[in-house]
Structure formats: structure tokens, C-alpha cells
Amino acid sequence: MSSIESLFVTRIYRAALAEQGKPMDTSDLEASCWSIAQDDEAGQNWCDENGYPGYTSYASLTDLPYRFPIFKDLVKVLNKHVRIFAKDLELDLDGRKLVLEDIWINILPTGGVHTSHIHPHSVISGTTYVAVPDGASAIKFEDPRLQMMMAAPPRLKSARRELQSFHYQQPAPGDVLLWESWLRHEVPVNMAEDERISVSFNYAWA
Ligand SMILES: [Fe+2]
């Protein structure tokens, strides 16, 4: 009796933030992201010097949840989503916890991209979406085995979702996506006329 199994799976979690806790007003969050970005001169300078399109607080603000109550509320909700995902992944945390390590704002203007990367030193990474205007980029995930496929044919365009080498998620405002931090991802060029705003984060094994 023959069998074909799916093994070594890659899990991606998607939910509305509001599924775990009180609904968050994304327009409040958006207003906070803009006002933080406008006040954060160190962050603006970092983006200019590093050719980063738009704005990120990643290099300049390490204490968003302590400085801004709305981020504190957000982290409380994210903790719950991460706990659910870690359970689904059946991680053996050996009595230790996954704790928030970094959380940062991304404001991606028209034509901006965020090239392919992973999030080192973390276990679970993710993004929650604040403003996703029409035409805004999806997030693109890449099969982690891609670099081992030098001589392999590509998959059919019609291949089943779980067999495709790339996976796109088009988020809606108020959604949260989670993945294991080793999973390579990118944000292709933002074709929207307005900024695509998101908040990204890393959880480490503490
Ligand atoms: Fe990322």
C-alpha cells in the first residue's frame, strides 16, 4: 500500500487581532504611528542614511510599549496570539517562555520595498497591519528549501498551495500574521498611492 505524506511543514498563522482581546482601533494605532514617526528624528536620520524607504522605528525606538499605552495594549493581545501559535507548533519550551524582544513601526511609501530577510535570534516573528491601502504590497514568503533546488524544475503555476515555492498573504488592517523567525520573507514594491503601515515584532525564548 503506497502512501504520500506531507512532512517538515511550515506553519503561518493569521488572525484578526480582535479574536484575542478587545478590538483595537486601527485608526488610533495609525495616528500613533504617524505621530511617533514625525517626532523620531533619530529614526528619520537612520532611514535616510541607510536608504530605507519611508520610516522604521527599528533602529531608534526600543521601548514603544513603555512609552505609548496603545502599544502596551497591542503587546498584550500579541502575547495571546503568539501563545496560540507556539502551541500549534508544538514547541518544547522546557518551562521557559516566548517573550517580546522587539516591536517596531514600518511606514512604507509608494514604490517602497523591504527586501528578502529573516529575523535572527528570535523564535516567532510577525506583523500586524495598521493601514493597507488599495494596491498595497502583500507579504511574500519563500520556501526555506529553495536554495537546495539548484537543478530541480520549478513547480507548476497551478501547483497546490502547499507545494508552491512562494506564498503571498494580502493582509487586512487589524490582521496579525505570525511565522517562525527563520522563514525568509519580503515586501514587494508598494504600488498603493498611500503608505502601507505595519507593526512588526520578534519573540525570543527567554
Ligand atoms: Fe521581516
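Val 113 is partly exposed, with a relative accessible area of 34%; partly exposed is the range between buried, under 20%, and exposed, over 50%, with a 1.4 Å probe and protein chains only. This is a predicted model, where local features need pLDDT of at least 70, side-chain atom pairs count only at pLDDT 80 or more, and totals for chains, interfaces and linings use all residues. Residues are numbered from 1 along each chain as its sequence is written, and side-chain values use heavy atoms, leaving out hydrogens and water.

Val 113 sits in the loop between β3 (98-108) and β4 (114-117). Strands here are DSSP runs of E, at least two residues, numbered from the N terminus.

Next, the metal. Which residues coordinate the iron ion? They are His 117, His 119 and His 185, each through NE2, at 2.0 to 2.1 Å. Donors are N, O and S atoms within 2.8 Å of the metal (3.2 Å for Na, K and Ca), and water is not among the atoms, so sites may look incomplete. The spacing of the donor residues in sequence is H-x1-H-x65-H. His 119 lies in the loop between β4 and β5 (124-131) and His 185 in strand β9 (residues 185-187), so this pair ties together parts 66 residues apart in sequence. Both His 119 and His 185 are buried.

Last, Lys 140. This lysine belongs to strand β6 (residues 139-142). Is Lys 140 buried or exposed? Lys 140 is buried, because its relative accessible area is 17%. Setting aside neighbours within four places in sequence, Lys 140 has contacts (heavy atoms within 4.5 Å) that include the iron ligand His 185, as well as Phe 166, Tyr 168 and Glu 186.

Key
Helix = DSSP H or I, 4+ residues; strand = E, 2+ residues; numbered from the N terminus.
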